Amino acid sequence: MTDNGEPDEEEILPELCDLCGTTVSDQAEVYAVVRDSSALHAHDPRLDGKRWLTACSQEHMAELIEQYKQRPFVDAELWAGKIGRAIGAHGGRISPEELAEETGLTRDQIELGVSWQNLGALRWHQRFGKREGPSAEE
């Protein structure tokens with residue numbers, strides 16, 4: 001393990017089943033890609049919205065695929081992720097024009113993505129109580 005907590009190049013971590021968490025043997029590994037609006041690829045935006053699944057058996061893969069079929073694909077959720085990634089890459093400072101260019105989104109899509117993110121934050125605050133910090137008194 002490196003000093004920043006990432007695995008060394010030589011260190012091979014075992015594959016785990018996304019359903020049960022057991023270590024997947026080479027003979028039993030099963031893979032699939034499913035649509036998931038919460039999935040952002042670390043390096044390739046063309047792979048956003050696609051989740052790579054690993055399972056220890058065909059049965060577990062079938063169950064995982066069924067779970068993802070039941071989850072709606074929400075474009076605004078995907079757009080919010082793309083917006084967050086672009087803003088983070090620019091240290092929080094990016095113009096609306098740069099944001100549109102970097103994400104490939106229209107202004108309307110950006111507005112919907114921001115609204116999705118804001119709605120999620122509002123739900124979080126409603127669920128977990130009042131804010132903490134200096135502005136909580138307001």
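A residue is called buried here when its relative accessible area is under 20%, exposed when over 50%, and partly exposed in between, computed with a 1.4 Å probe on protein chains only. Arg85 counts as partly exposed by this rule, because its relative accessibility is 27%. Keep in mind that this is a predicted model, in which local features need pLDDT of at least 70 and side-chain atom pairs count only at pLDDT 80 or more, while totals for chains, interfaces and linings use all residues. Residues are numbered from 1 along each chain as its sequence is written, and side-chain values use heavy atoms, with hydrogens and water left out.

Let us stay with Arg85 for a moment. Its side chain meets that of Asp48 in a salt bridge, at 2.5 Å from N to O; the term stands for a side-chain nitrogen of Lys or Arg within 4 Å of a carboxyl oxygen of Asp or Glu. This pair links distant parts of the chain, since Arg85 is in helix H2 and Asp48 in the loop between E1 and E2, 37 residues apart. Helices (H or I, at least four residues) and strands (E, at least two) are DSSP runs, numbered from the N terminus. Asp48 counts as buried, because its relative accessibility is 8%.

Across the whole structure, a search finds 7 salt bridges. Another one joins the side chains of Asp36 and Arg71, at 3.3 Å from N to O. Asp36 lies in the loop between E1 and E2, and Arg71 in the loop between H1 and helix H2 (75-89), so the pair ties together parts that are 35 residues apart in sequence. Asp36, Arg51, Arg71 and Glu77 are linked in a network of salt bridges.

Next, look at Ser37, which lies in the loop between E1 and E2. Ser37 is buried, at 1% relative accessibility. Not counting residues up to four places away in sequence, Ser37 touches Arg71, Pro72, Phe73, Val74, Glu77 and Leu78, where contact means heavy atoms within 4.5 Å. Two of these residues, Arg71 and Glu77, belong to the salt-bridge network. The side chain of Ser37 also reaches the backbone nitrogen of Val74 at 3.0 Å. This is a polar contact: a pair of N or O atoms within 3.5 Å, where within protein one must be able to donate a hydrogen and the other to accept it, and residues adjacent in sequence count only if both atoms are side-chain atoms. Ser37 and Trp79 are 42 residues apart in sequence, and their C-alpha atoms are 8.5 Å apart in space.

Now for the nonpolar interior. In soluble globular proteins, nonpolar side chains tend to be buried together. A nonpolar core is a set of buried Ala, Val, Leu, Ile, Met, Phe, Trp, Tyr and Cys residues joined through side-chain atoms within 4.5 Å. The largest one has 10 residues: Cys17, Val24, Val30, Ala32, Val34, Leu53, Ala55, Cys56, Met61 and Leu64. Strand E1 (30-35), E2 and H1 are the elements that give two or more residues to this core, and E1 gives the most, with 3 residues. Apart from this core lies another, of 8 residues, among them Trp79, Ile83, Ile94 and Leu105.

Leaving aside its neighbours within four places in sequence, Val30 is in contact with Leu53, Thr54, Ala55, Ser57, Gln58 and Met61. Ser57 is in the loop between strand E2 (50-55) and helix H1 (58-70), and is buried at 17% relative accessibility. The side chain of Ser57 reaches the backbone nitrogen of His60 at 3.1 Å.

We finish with the rings. Arg35 lies over the face of Phe73, at 3.9 Å from the ring centre; a charge sits over a ring if NZ of Lys or CZ of Arg is within 6 Å of the ring centre and within 35 degrees of the ring normal. The charged end of Arg123 likewise sits over the ring of Trp116, 5.7 Å from its centre. Trp124 and Phe128 both lie in helix H4 (residues 107-128), 4 residues apart, about one turn of the helix. Trp124 is partly exposed, with a relative accessible area of 48%.
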